[in-house]
Amino acid sequence: MSFSSEVKEELSHLSDKDTHCMIAELSAIICFGGRIRQDSDGDFSIALHTENPVAAHRFCSLVTQVFQYPEEELMSCEDLAGKVRPETVCVKDASKALHILKVTGLLDNLGQLNMDYELSGSAVLKRTCCRRAFLRGAFLSSGSVTDPEKNYHFEITGSSEALVAQLKDFLRFFGLDAKIVLRKKYYVIYLKEGTMISDVLTIMGANVSMMKFENVRIVKDVRNTVNRRVNCETANINKTVSAARKQIEDIEYIQNTVGLEKLPHNLRDIAALRLEEPDATLKELGEMSEPPVGKSGVNHRLRKLSQIAQNIRENGRI
């Protein structure tokens, strides 16, 4: 089972004691995964299409709990090939569909359908707990979250810009800065930061999944920190080794051309020490000198030797 499926499975087993929260979650499931149709007589029907049977089962459960409709009255729909799909359920009874749409705020008192499913001003979503439930329903219906072992990505897909924009407002209400992108004909709202994904899992009520996500994230962060330090230290070592090799080449060039005895006393001493201790750091070379020399002093003398070697190469003399 994928991590996304695990999160949905956990969310599907949450039990809300408050009817208003169940209504908000049901509203989101219809908004993000449902199709509302009105026939020529003005009668409504609701069909829920989702690739995840968990969302279909949650839809049936919420309708049963909130409206006390027998679950057997929620018919399974047939696809184009005539096969019954367990993840597609319908409310075909016009009176029941009308009641559900009014209670969930998708139909106003005049019987007008909210075509963009824009509910930000609806009484259904006034409470903070109901906004949490709405996010949960939206994710159950058309959301996904990547396995944190791979990367960090949380998204919910909506059919209209207004629908996704209100979801962005809800996430901002909880302190999360989500982004929206148009992908083909659908609008996608997404989060890509680990801390924000952890927060949204908590907001929706997926606490077990959040702990699993955090455990993976902590291990990855520690591993990345260690790798960065190792890479940094390796780079410093390589830089030190390369610098020492260049210093030795310059000193040997001076020795084989004009001779080290032509150098001033301080440069001659540091040159001899570098030849004797090719792996020593600047600090260690300074401590070996008589008298001891600071790191910057050693660096200055070695740079002077490099300049002398370059002068010999170009001019044939110190």
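Author: A salt bridge here is a side-chain nitrogen of Lys or Arg within 4 Å of a carboxyl oxygen of Asp or Glu. The model is predicted: local features need pLDDT of at least 70, side-chain atom pairs count only at pLDDT 80 or more, and totals for chains, interfaces and linings use all residues. Residues are numbered from 1 along each chain as its sequence is written, and side-chain values use heavy atoms, leaving out hydrogens and water.

A search of the whole structure finds ten salt bridges. One of them joins R58 and E25, at 2.6 Å from N to O. This pair links distant parts of the chain: R58 is in helix α3 (residues 53-67) and E25 in helix α2 (residues 19-33), 33 residues apart. Helices are DSSP runs of H or I, at least four residues, numbered from the N terminus. Both R58 and E25 are buried. Buried means under 20% relative accessible area, exposed over 50%, partly exposed in between, with a 1.4 Å probe and protein chains only. A network of salt bridges links E25, R58 and R136.

Now helix α8, residues 207-257. R217 and E214 form a salt bridge there, 2.8 Å from N to O. They are three residues apart in the helix, so about one helical turn separates them. R217 has 15% relative accessibility, so it counts as buried. E214 is buried too, at 17%.

D250 pairs with R313, their closest N and O atoms 3.0 Å apart. D250 lies in helix α8 and R313 in helix α11 (residues 295-315), 63 residues apart. D250 is buried at 2%, whereas R313 is partly exposed at 38%.

Methods: Helices (H or I, at least four residues) and strands (E, at least two) are DSSP runs, numbered from the N terminus.
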